[in-house]
Amino acid sequence: MKILRITALWCSSCLIMKSRWKVVFETFNEIELIDYDYDQDEKLIKQLQIGQILPVLIVFQNDIEVARIIGEKSVKELIKTFEGLSK
Amino acid sequence: MKKLKLLLGIMILGLIINPFLSKNIYAENIVHIYFFYDEVCAHCAEENLYLIGLEDRYSNIEVHRYEITQVDENNLLFEDVKTVFNELDALTPYTVIGGVSLRGFNPTTENDIVRLITRYSSLDYVDVVNKVLLGEEVLDTDFDSLELSEVDLPFIGPVSIDSLSIFLAGILMGFVDGFNPCAMWVLLFLITMLINTKDRKKMWILGFTFLFASALFYFLIMVAWLNLALQITTIVWIRIVIGSIALGFGGFNIYQFIKSTKNPDIGCEVTDRTKKQKLMDKVKKIVTEQKLFIALIGIIFLAVSVNVVELACSAGLPLVYIDILAYNQLSMPVYILYILLYIFFFLLDDLIIFSIAMISFKVTGISNKYSKFSHIIGGIIMIIIGFLLIFFPQIVMFNF
């Protein structure tokens, strides 16, 4: 599973989510995480059409986008989503 | 941007026209002040001078002077009025405004007179002395009171409801205003950049200066507005206009909240990329500046520009809070203390984030769901205050 994680240095929701992602990513192995910064990777972000809310996780399986997780989510919500994707 | 310009315009206008307004106050209600005095009494002479000053300041007051030792008629009226107020032992100076009698003259009397002028300028009242003059019956309900209701707080003791209400309003409104997310991102970005420098001293100095300059700017704007508000509180239509503005801002805040509920995703909104980028470049330049003095000047300018945006985003909360203060006719040091209280709670979330970063070298965020709720809480507060200002101003004046 490959995850593109889009955050920004100024975004408080991104900071809030850091610790929650850590918990989830430790639970699910085999995750390849690629980080992008909203301000520094402007061109790529434009192509991804992420909308108006940060942070964004774009989940790929076999190079096909299977999910987008937008904004603040609880650990429980994240685990539920990833469990669904792992099946 | 238009909203911002309008707000700044009002503030600047407040500072500029303040000196010219002080002699031009008028309201719809004429407030009659009955002053019983004795020509040889020193306190009477003091009060007379004070009343002359008030006549100059308020164009809607009429002072009726009764010298009781030289004119028998005046003395008879004095006795009648004292009887009505059940204060037969009262001496001069003796002042009656509406349904309230004031014995003697001291700084407290000065405050009481101003409070009563403010109260009766915009509210209907019964002129008890006029009733006595006309030979009409004075009813129990005609009397008014300056006495304050008190509540007994644990550890603190008795506190007047007036001051407690303003105190709680300051805490609540400042706190809600502080959760406005418009400028929080700059602080987070600044702290992140400062942490990257790994220079704790620089982090302290620049971070503290940013917060202090923000507080100072907000303070100056609020004092400027207070200067204007103090001059216009007695004008009835101004009260209604301010009430309507509060209703408008409140409605807008609630609309923002409803709009945000349509989007289930709570997070940071990405708007105005170019402006954001410019501010971020400024922050980077300040943080990497080698000369501390130049960095300090830069950070002060940054704080001011950020708080201009913050002020426009606050949807009138500080403006309405200042109006509440102005309607309560307090002394200047007390005004300042209440403004500082508001600013402290306004900056509390920033102070917490900064302190955690200082101690742990880690940036902490505050969930955007709180800013979402600040819209609805702020909106409800504004609507309640707007409604009270228009229909029940005595409650905003905390005259229970």
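The following questions and answers look at the disulfides of this predicted model.

User: How are residues and chains numbered or lettered, and which pLDDT do local features need in this predicted model?
Analyst: Residues are numbered from 1 along each chain as its sequence is written, while chains are lettered from A and ligands numbered from 1 in the order in which they are written. Side-chain values use heavy atoms, with hydrogens and water left out, and in this predicted model side-chain atom pairs count only at pLDDT 80 or more, totals for chains, interfaces and linings use all residues, and local features need pLDDT of at least 70.

User: How many disulfides does the structure hold over all chains?
Analyst: A disulfide is a pair of cysteine sulfur atoms within 2.5 Å. One of them joins A:C11 to B:C268, with an S to S distance of 2.2 Å. Over all chains, the number of disulfides is two.

User: Is A:C11 buried or exposed?
Analyst: Buried means under 20% relative accessible area and exposed over 50%, with partly exposed in between (1.4 Å probe, protein chains only). Because A:C11 has a relative accessible area of 0%, this cysteine is buried.

User: Is the disulfide of B:C41 and B:C44 right-handed or left-handed?
Analyst: The sulfur atoms of B:C41 and B:C44 lie 2.2 Å apart and form a disulfide, and both cysteines are buried. The torsion about their S-S bond is about 95°, so the disulfide of B:C41 and B:C44 is right-handed.
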